[in-house]
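Q: Could you take me on a close look at a single part of this structure? I am new to this, so please go step by step.

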Amino acid sequence: SMLKEIVEKGYYCFEKRFDSWEDAIRASYRPLLKDGTVEEVYVQAVIDCVNKYGPYIVIVPDIAMPHSTEGAQGCNGTAISFMKVEEAVDFDPSDPDKKARLFFSLAAKDHEQHMQNIQALMDTLMNEEIVEALLKAATKEELSAIAEKYENE
């Protein structure tokens with residue numbers, strides 16, 4: 001399952017808070033930067049997209065899905081990394097719905113795999129129980145337990 005893969009590959013991090021949404025996006029990609037799946041230039045492209053088009057990456061309240069356009073520079077693989085932030089990150093002070101605590105950051109090199117990732121992500125996020133559990137999770141162990149419990153989702 002998607003969460004299991006995130007745990008197995010170490011594509012996750014838990015953070016307290018950020019001074020800006022830009023810092024939050026950078027941090028959310030750290031696991032993918034670490035193994036070279038993406039490069040700094042890709043993460044900057046994600047930030048530039050939000051600056052240009054607004055916080056479209058906050059797909060529903062509490063959940064952000066950072067991504068850049070396909071074929072963006074500095075993307076060497078297809079993956080999802082997960083970040084949980086204790087204190088909601090505010091993308092638009094004038095819109096209370098544009099706050100996020102769960103980040104699912106995407107890297108897209110392979111179109112078909114990327115589409116599968118998005119589908120798996122959407123299926124997972126449709127399950128309110130999983131979202132509730134993730135909002136409470138604060139450790140690798142808790143994330144692992146959620147991945148085990150909902151493995152067949």
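A: Happy to! Keep in mind that this is a predicted model. Our part is strand E5, which covers residues 99–107. Seven of its nine residues are buried, so strand E5 is largely enclosed by the rest of the structure.

Let's start with the strands that pair with it. Strand E3 (residues 62–64) runs parallel to E5, and three bridges join them. Here Ala-64 has Phe-103 as its bridge partner. Strand E4 (residues 79–90) pairs with E5 in the antiparallel sense, over eight bridges.

Now zoom in on Phe-103. Setting aside its neighbours within four places in sequence, Phe-103 is in contact with residues including Ala-24, Ser-28, Ala-64, Phe-82, Val-89 and Phe-91. Phe-103 and Phe-104 both belong to the largest nonpolar core, which has 51 residues, and they are among those with the most contacts inside it.

Next comes Phe-104. Its relative accessible area is 0%, so Phe-104 is buried. Phe-82 also has 0% relative accessibility and therefore counts as buried.

The structure holds seven aromatic pairs. One of them is edge-to-face, because the rings of Tyr-29 and Tyr-42 have their planes at 85°, with centres 5.7 Å apart. Together with Tyr-12 and Phe-14, Phe-82 and Phe-104 form one aromatic cluster.

Technical notes
Residues are numbered from 1 along each chain as its sequence is written. This is a predicted model: local features need pLDDT of at least 70, side-chain atom pairs count only at pLDDT 80 or more; totals for chains, interfaces and linings use all residues. Side-chain values use heavy atoms; hydrogens and water are left out. A nonpolar core is a set of buried Ala, Val, Leu, Ile, Met, Phe, Trp, Tyr and Cys residues joined through side-chain atoms within 4.5 Å. Buried means under 20% relative accessible area, exposed over 50%, partly exposed in between (1.4 Å probe, protein chains only). Contact means heavy atoms within 4.5 Å. Helices (H or I, at least four residues) and strands (E, at least two) are DSSP runs, numbered from the N terminus. Two strands pair if DSSP finds at least two bridges between them. Rings of Phe, Tyr and Trp (its six-membered ring) pair if their centres lie within 6.5 Å; planes under 30 degrees apart count as stacked, over 60 as edge-to-face and the rest as tilted.
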